[in-house]
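Take a moment to look over the sequence and the fold below. Let us walk through them together, one region at a time.

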Amino acid sequence: MSRPRRSFSRRVLISQLALVVVILALVTGVFAWLGSRTVTEVTETKALATARTLAIDPNVRAAATKASDEHADEPDEQIVESMLKITDDLRARSGISFAVITDDRGIRLTHPDRSKIGHRVSTSPEEALAGRENISHESGTLGETVRAKVPIYSTADDETVVGEVSVGIYASVLDADLRRELLLLGTVAVLALALGGVVSVMLGRRLRRETLGVGPEELAEMARDQGAVLHGLDDGVLGFSADGTLTLSNSNAKELLGAADGQDRADVKGRATSARELDGDDIDGDDINVPDEITTMMADVPAEGALRRRITIGERILLATAVRVQRDGVSVGGVVTLRDETQMLTMARQLESVTAMARALRTQRHEFANRLHTVLGLVDTGATDEAHTYLSSILGTGPIATPVEDIDLVSDPYLRAVLEAKGTTAAEAGVTLSVAPDSLAVGTVRDPEAVTLILGNLIDNAVRAAVAGRGSAGARVVVQLLSSGRELHAVVTDTGDGVDADVEEKIFEEGFSTAEAASAPDFGIGLTTGTGTGDGHGLGIGLALSRRVAEKGGGRVWLIDGHDPDLGGASFGMVLPDALEEFQQDEER
């Protein structure tokens, strides 16, 4: 069974403490060695300086010269007493352990132990008697000492050596000084170790807090997973720090927000996911212009849950979902995902139109079947004259009844289908849908998806506005259709309350709505009735989508200025430059 891996912060703490201990050990060792050398050198210098001072004393030189000249078996008592007075006084004043004076044979003239006077010194005096100063650590009759030996020159000249001065300091004094130095150095080392430990613990806690307890291995794995996830998602992803700064994005987000304009989406998605490219392309979000809507979302998103809004970027309608990211109860930022809903919304609107047309066709099929049964019944009973009269009436009034007035002015099957479908739905809402008498659309629709989507949305909004209108002229919607070569022109007018001047352009913005129908019943394809305070035009998506689809094909959708003089409501215009096949081309075929 493998041992559990220590946390990253604990490993950093242990490493730092080990480093502090090693550095302190090295520094303490170096300073201990330097300190011991310094103390030893100071002690040796003190002993040598004291010995030199004593060796040049005139009385000492005179006494040593006289004793060397006499070479008596026992030193002159008068000389001994005078020298003892000098050495005792010097020892008391300078703090040395002893001072011994000898003649040129090495016979002691002074010694702390009087019984040793008159005997040869226990350590070799040859260096000093040869005229050379000497410092040594030796063990003699007074124990282990640091000794300085200096020659004494004759009073007659400065070249004849007549004795030596040996000054010593006990090794115990040197050891005591060394212990004081090491104790001080050890105290400083312990304090430094304690300070290093405290700083390491604080740094470990800071590191654990900043990394949320995640170690380098986990960070590396998270970076690899992040790269795979960012490149594997079809949605755009934006990451924000806790202060709202953009920290990462994927290539899809750059494309959706316009940073990858001119690039093919498949090419962007197919780029390599190497670490170098990830660091240089996906993590850096400086080349992305984040819209204000997304910044506002990040400020408004709740601590728990998600916030969803639709935003418009160029020709795209994006669904933005913002969520807060928390770890161990601490907010670490947020994530916004972007999904391109332009095509989906377009298909949804087209599906609504197809569904409405299918419902209208089912109604007409039912009516057509009823008429066929009537004709069959008349023929079976032999009432052929009545059957002939009934069929003649059908041919005169149209094969199937339709709720759209003057629908016969429209010959294209797609235009008839969308008008009949919307007429059925409008009739259910109590609105009369009619074709303007001066309508003339020649040719066949080439792009039924775009035409039915745009025209269907405009009729839906007009019906909604007519239902919400407060006028007394009745609820009506009039559609005028005109063709000019390949161009298809349409004007949809309602009897609603019109559009206020201050919102004429806003109604084409994504998410902007003038309808307040929260309590109104629903009629089929988003149609409502009620007494909302809005004018009914725009529920936040239809007009924006219609204008976008029209502009994509080179056309446009706009609000015609002013109220209609006859109906009193709003009029919306539509131009699609390449929507029709010309009638002459159809005839040739």
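Predicted model: local features only at pLDDT ≥ 70, side-chain atom pairs only at ≥ 80, totals over all residues.

Residues are numbered from 1 along each chain as its sequence is written, and side-chain values use heavy atoms, with hydrogens and water left out.

Start with the whole protein. Its secondary structure comes to 16 helices and 19 strands, where helices (H or I, at least four residues) and strands (E, at least two) are DSSP runs numbered from the N terminus. Of its 589 residues, 42% count as buried, meaning under 20% relative accessible area, with exposed being over 50% and partly exposed in between (1.4 Å probe, protein chains only). Among contacts (heavy atoms within 4.5 Å) with a separation of 6 or more, 63% join residues 24 or more positions apart.

Now look inside. In soluble globular proteins, nonpolar side chains tend to be buried together. A nonpolar core here is a set of buried Ala, Val, Leu, Ile, Met, Phe, Trp, Tyr and Cys residues joined through side-chain atoms within 4.5 Å. The largest one has 47 residues, and L415, L419, I454, L455, L481 and F572 have the most contacts inside it. Several elements each supply at least two residues of this core, including helices α13 (413-428), α14 (448-468) and α15 (542-552). The most comes from α14, which gives 11 residues. For I454, the residues touched are S546, V549, A550, V557, M574 and L576, not counting residues up to four places away in sequence. Apart from this core lies another, of 23 residues, among them A47, A51, L109 and V150.

Axes are lines fitted to C-alpha atoms, for helices over the stretch in contact, and angles run from 0 to 180 degrees between N-to-C directions. α13 and α14 pack at about 25°, with axes 10 Å apart. That makes α13 roughly parallel to α14; angles under 35 degrees count as roughly parallel, over 145 as roughly antiparallel, 65 to 115 as roughly perpendicular and the rest as oblique. On the α13 side, the contact includes L415 and L419, and on the α14 side L455 is one of the residues.

On to α14 and α15, which pack at an angle of about 150°, their axes 9 Å apart. They are therefore roughly antiparallel to each other. I454 is one of the α14 residues in this contact, and those of α15 include S546, V549 and A550. The contact divides into 8 nonpolar, 4 polar and no charged residues (Ala, Val, Leu, Ile, Met, Phe, Trp, Tyr, Cys and Pro count as nonpolar, Asp, Glu, Lys and Arg as charged, and the others, Gly among them, as polar).

Is α15 enclosed or open? With 9 of its 11 residues buried, α15 is largely enclosed by the rest of the structure. The buried residues include R547 and R548. After α15 comes G554, with a positive phi near 85°.

Finally, visit α2 (residues 58-70) and α3 (residues 77-94), packed at about 150° with axes 10 Å apart. That makes α2 roughly antiparallel to α3. Their contact is made by N59, V60, A63, K66 and A67 of α2 and I79, M83 and I86 of α3.
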